[in-house]
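Please look over the sequence and the model, then read the points below by topic.

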Amino acid sequence: MLYGLLSGTVDFPLLGWILNGVYYGLIIAAIASTAALFYNAMTRAGSDPFRLRVFVILSSVMALPLGIISSRIANIFYFPPDQWGFSLIMQQLTAGPLETFHASLILPLGFIAVIAVILKLRLSMVTDTLFLYLPAGHAIGRTGCLLAGCCWGHPVTLSVFGRTFSFNNPVPLYEIVLNLFLFILLRFQYHRIYSSGSHSSKGRGRITAFYLIGYGVLRMGLELLRKEKAVGWGLTLAQWGMTGFIFAGLTGLLIIYLHDRLPKPCYCDTQTP
């Protein structure tokens, strides 16, 4: 969008700096917004303020660099397996052209899980709260894609009142709307689990599972509108990733269901006659 508006008056490299500045600026805004919402929710839930601040600061600072690293390493899946190796990984790290959202979650989520365990924060609540606000932050980040002109889809031609319009499918706009819709659905479920005033563990982890399934289904559909090439069995790399998301979410729901149905041990006092 900005490229079309500015390309006639601004030349490279300045135009590239502007577009990259908008793109990464909105990603940083997305991380900051998600971190602030996460901190407020965890504070209201009674988490230790000091440990929570340390967790949020470390996670926020490391999210972008770790996300770029894991996303660029994932580019090796666009190459045949016989080309995989250390040199290809280093090539993608230093000059990889693609950065994908789902792949950018891998290293940051691993880092977040480790830090949460070290700081003795309840992991199920950390992940549920993070995945609750992740769609809202993702919507902000996708605004950068919309403005910078990346991730748009196949050309569309419409005829309205005898006039013909041609444009690329604004897939980032669709993803912004769908992420906000997913956030609303997850927020409703989150309050059902965590705002009842109960300290029961029943249902915890469902938000994480619902996100993985919900976003997985949405992204699988959106890939049909994008210009991504298939990497195997007619599926794009993102669709393979979303298959993993959906499978992990369904597996998580099954584990949570079985856990909630298990009889809880009773530590009631017994009196001898």
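Predicted model: local features only at pLDDT ≥ 70, side-chain atom pairs only at ≥ 80, totals over all residues.

Pro155 stands opposite Asn168 in strand β2. The two strands β1 and β2 pair in the antiparallel sense, over 6 bridges.

**The β1-β2 hairpin**

- Strands β1 and β2 form a hairpin in which 2 residues lie between them.
- Phe161, in the turn of this hairpin, has a positive phi of about 50 degrees.
- Strand β2 covers residues 163-168, and the number of its 6 residues that are buried is 0, so β2 lies largely in the open.

**Other residues with positive phi**

- Most residues other than glycine have a negative phi.
- Cys151 has a positive phi near 70 degrees and is not a glycine.
- The place of Cys151 is the loop between α7 and β1 (155-160), and with a relative accessibility of 23% Cys151 counts as partly exposed.
- Trp233, also not a glycine, has a positive phi of about 55 degrees.
- Trp233 is found in the loop between β3 (230-232) and β4 (235-236).
- The relative accessible area of Trp233 is 81%, so Trp233 counts as exposed.

**Cysteines**

- A disulfide is a covalent bond between the sulfur atoms of two cysteines.
- A search of the whole structure finds 0 disulfides.
- Cys150 is in no disulfide, and the nearest cysteine sulfur, that of Cys145, is 3.7 Å away.
- The cut-off for a disulfide is sulfur atoms within 2.5 Å, so the 3.9 Å from the sulfur of Cys151 to the closest cysteine sulfur, in Cys150, is too far for a bond.
- Cys150 is partly exposed, with a relative accessible area of 27%.

**Helix α9**

- Helix α9 runs over residues 206-222 and has 17 residues.
- From its first C-alpha to its last, α9 reaches 24 Å, close to the 24 Å expected at 1.5 Å a residue.
- The buried residues of α9 include Ile207, Thr208, Ala209, Leu212, Ile213 and Gly214.
- Gly216, Arg219 and Leu222 are also among the buried residues of α9.
- These buried residues pack against four helices: α5 (101-104), α7 (123-148), α8 (171-194) and α10 (237-261).

**Aromatic rings**

- The count of aromatic pairs comes to 10.
- Tyr211 and Tyr215 are 4 residues apart in helix α9, so about one helical turn separates them.
- Are these two residues buried or exposed? Tyr211 is buried, with a relative accessible area of 0%, and Tyr215 is buried too, at 1%.
- Ring pairs link Tyr211 and Tyr215 with Phe101, Phe131 and Phe245 into a cluster.

**The largest nonpolar core**

- Which residues touch the most other members of the largest nonpolar core? Among its 34 residues, they are Phe38, Phe55, Val126 and Tyr211.
- The elements giving two or more residues to this core are α2 (14-44), α3 (49-73), α6 (106-118), α7, α8, α9 and α10.
- Helix α7 supplies the largest share of the core, 8 residues.
- Val126 is in contact with Phe38, Met42, Phe55, Ile112, Ala116 and Leu121, leaving aside its neighbours within four places in sequence.

**Gly141 in helix α7**

- Gly141 lies in helix α7 and is buried, with a relative accessible area of 12%.
- Not counting residues up to four places away in sequence, Gly141 touches Leu26 and Ala30.
- Gly141 and Thr34 are 107 residues apart in sequence, while their C-alpha atoms are 11 Å apart in space.

Definitions and conventions. Residues numbered from 1 in each chain as written. Heavy atoms only, no water. Expected span 1.5 Å × (residues − 1). Buried < 20%, exposed > 50% of the residue type's maximum accessible area, 1.4 Å probe, protein only. Contact = heavy atoms within 4.5 Å. Core = buried A, V, L, I, M, F, W, Y, C linked by side-chain atoms within 4.5 Å. Phe/Tyr/Trp six-rings, centres within 6.5 Å; stacked < 30°, edge-to-face > 60°. Pairing = 2+ DSSP bridges.
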